[in-house]
Structures are given as C-alpha cells and as structure tokens.
Amino acid sequence: MFHLSINLAEAVKLKSIITKKIQELNTSVHQVTHVVIEKGQEPKQPALTLEKLETDLKQLRYDSRKLDALIYRANINNTITFNDEEMPIVESIELATQLRAEAAFCKRLGMEDKESYFHSVGDTMLYRVALYEPLDYLNRANELEKQAHRLSNAINAKNYQVEIDFDDANYY
C-alpha cells in the first residue's frame with residue numbers, strides 16, 4: 001500500500017486551507033439552494049449542484065478530522081528540548097504562549113514610572129511610587145521574549161522534521 005506523507009508544518013497549513021474551503025463551500029451551498037425568478041419562469045440550474053457540494057463538504061470534513069487527529073498525535077508523540085527540558089510539542093507550544101504572556105505582563109510593569117505625581121490635597125502633594133524596579137521588569141520582558149522566540153524557532157524546525165501519513169494530492 002502506497003502512503004504519502006507531509007511534514008507537520010505542511011499539515012498545519014493544510015488544515016487552514018481545508019477549513020477555508022469548508023467555509024467557502026458552505027457559502028456556495030447558500031448560493032445554489034435558491035434563485036430568484038419571475039413567476040412562471042423555470043429556474044436555471046447552477047453549474048454546481050447541492051449534491052456535489054454536499055459530497056465535497058463531506059470529504060473535506062472527513063479530511064479535516066483525520067488531519068486534526070494526525071496533528072494532535074504528532075504534537076503529543078514528538079518532543080522538543082528547551083532549557084534542558086524535554087517536552088511534547090503541544091506542551092512547548094503552550095510554554096511559548098505563556099512566555100509571551102509573561103513578557104507582556106512584565107513589559108507593562110516595566111513601562112510604569114518609578115515615581116509619578118498622583119494628586120494634590122491642599123498643600124500636600126501625593127505621589128504614586130512603584131514598590132519594584134520597573135527597569136528590572138523591562139529587562140525580564142526582553143529576556144522572556146527572547147526565550148519565546150527561541151522556543152518558537154525550535155517548534156518550527158521540529159514541525160518541518162516530523163512526517164505524518166496524509167495524502168495531500170487533493171489540495172495541491
């Protein structure tokens with residue numbers, strides 16, 4: 001039995017293409033199910049039939065499910081080593097997301113002034129004072145962003161190495 005395979009990066013892109021095709025065909029279904037005619041006139045049948053669109057949608061949905069399962073399995077069964085820790089791709093994707101979120105959090109704290117005017121009450125001037133060093137958080141944000149970039153690069157590289165059994169001939 002002859003099997004075609006694609007790498008995980010291609011599979012992720014193909015999943016996006018299939019999802020878009022499903023959306024397009026759903027739109028086409030609405031376009032071929034009704035026509036506006038003058039009373040007494042015979043409607044012209046569209047080039048694409050509802051039956052053909054339904055058949056195509058059924059195949060796309062099947063391929064989408066199978067591709068999803070293959071991608072999920074590959075993301076669980078294949079690992080990435082990052083900061084001396086080996087983890088499944090799915091975990092490394094989540095870690096990259098968390099690193100970016102933490103970097104954004106630190107960047108917001110880092111953009112604050114150490115001390116700023118807050119309010120005056122009579123002759124009394126009040127100041128808002130940070131109880132931490134904003135510059136430390138800016139530096140931490142930069143380091144976290146670098147880590148997220150390194151991890152994302154490792155994920156991308158792995159995605160081109162991992163092969164999954166899927167015939168993409170219907171799409172390319």
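Which residue in the turn of the β2 and β3 hairpin has a positive phi? Select N83: its phi is about 50 degrees, and the hairpin has two residues between its strands.

Before going further, some ground rules. This is a predicted model, where local features need pLDDT of at least 70 and side-chain atom pairs count only at pLDDT 80 or more, while totals for chains, interfaces and linings use all residues. Residues are numbered from 1 along each chain as its sequence is written, and side-chain values use heavy atoms, with hydrogens and water left out. Helices (H or I, at least four residues) and strands (E, at least two) are DSSP runs, numbered from the N terminus.

**Stop 1: the hairpin**

Stay where you are and show β2 and β3 as cartoon. They pair in the antiparallel sense over four bridges (pairing takes at least two DSSP bridges between two strands). Pick F82 and you'll find its bridge partner, E85, in β3. Now colour β2, residues 79-82, by face: I80 and F82 sit on the covered one, T79 and T81 on the uncovered one.

**Stop 2: helix α2**

Next, select residues 50-77. That's α2, with 28 residues; at 1.5 Å a residue it should span 40 Å, and its end C-alpha atoms are 40 Å apart, which agrees. (The expected span is 1.5 Å times one less than the number of residues.)

Show side chains for L53, L57, L60, D63, S64, L67, L70, I71, A74 and N75, which are buried (under 20% relative accessible area; exposed is over 50%, partly exposed in between, with a 1.4 Å probe and protein chains only). As for the spacing, an α-helix has 3.6 residues a turn, so residues three or four places apart point the same way. What lies over the buried residues of α2? The cover includes α1 (8-32), β3 (85-88), α3 (89-110), α4 (134-161) and β6 (163-165).

**Stop 3: Y171**

Jump to the segment after β6 and pick Y171. Its relative accessible area is 14%, so Y171 is buried. Leaving out residues up to four places away in sequence, Y171 touches L14, I18, K21, L60 and D63 (contact: heavy atoms within 4.5 Å). Draw a distance between the side chains of Y171 and D63: a polar contact of 2.4 Å joins them (N or O atoms within 3.5 Å; within protein, one must be able to donate a hydrogen and the other to accept it, and residues adjacent in sequence count only if both atoms are side-chain atoms). Then try L126: it is 45 residues from Y171 along the chain, with 65 Å between the C-alpha atoms.

**Stop 4: the nonpolar core**

Now select L14, I18, L67, L151 and I164. These have the most contacts inside the largest nonpolar core, which has 33 residues (buried Ala, Val, Leu, Ile, Met, Phe, Trp, Tyr and Cys joined through side-chain atoms within 4.5 Å). The elements giving two or more residues to this core are α1, α2, β2, α3 and α4, with the largest share, eight residues, coming from α1. Zoom in on I164, whose contacts beyond four places in sequence are L4, S5, I6, A11, L67, L70 and A74.

**Stop 5: aromatic pairs**

Finish with the rings; there are two aromatic pairs to find (centres within 6.5 Å; planes under 30 degrees apart are stacked, over 60 edge-to-face, the rest tilted). Y117 and Y127 form one that is edge-to-face, at 6.1 Å centre to centre and 85 degrees between the planes. Y117 is in β4 (residues 115-121) and Y127 in β5 (residues 124-129), so the pair ties together parts ten residues apart in sequence. Then select Y132 and Y137: their ring centres are 5.1 Å apart and their planes at 80 degrees, so this pair is edge-to-face.

How values were computed
Rings of Phe, Tyr and Trp (its six-membered ring) pair if their centres lie within 6.5 Å; planes under 30 degrees apart count as stacked, over 60 as edge-to-face and the rest as tilted.
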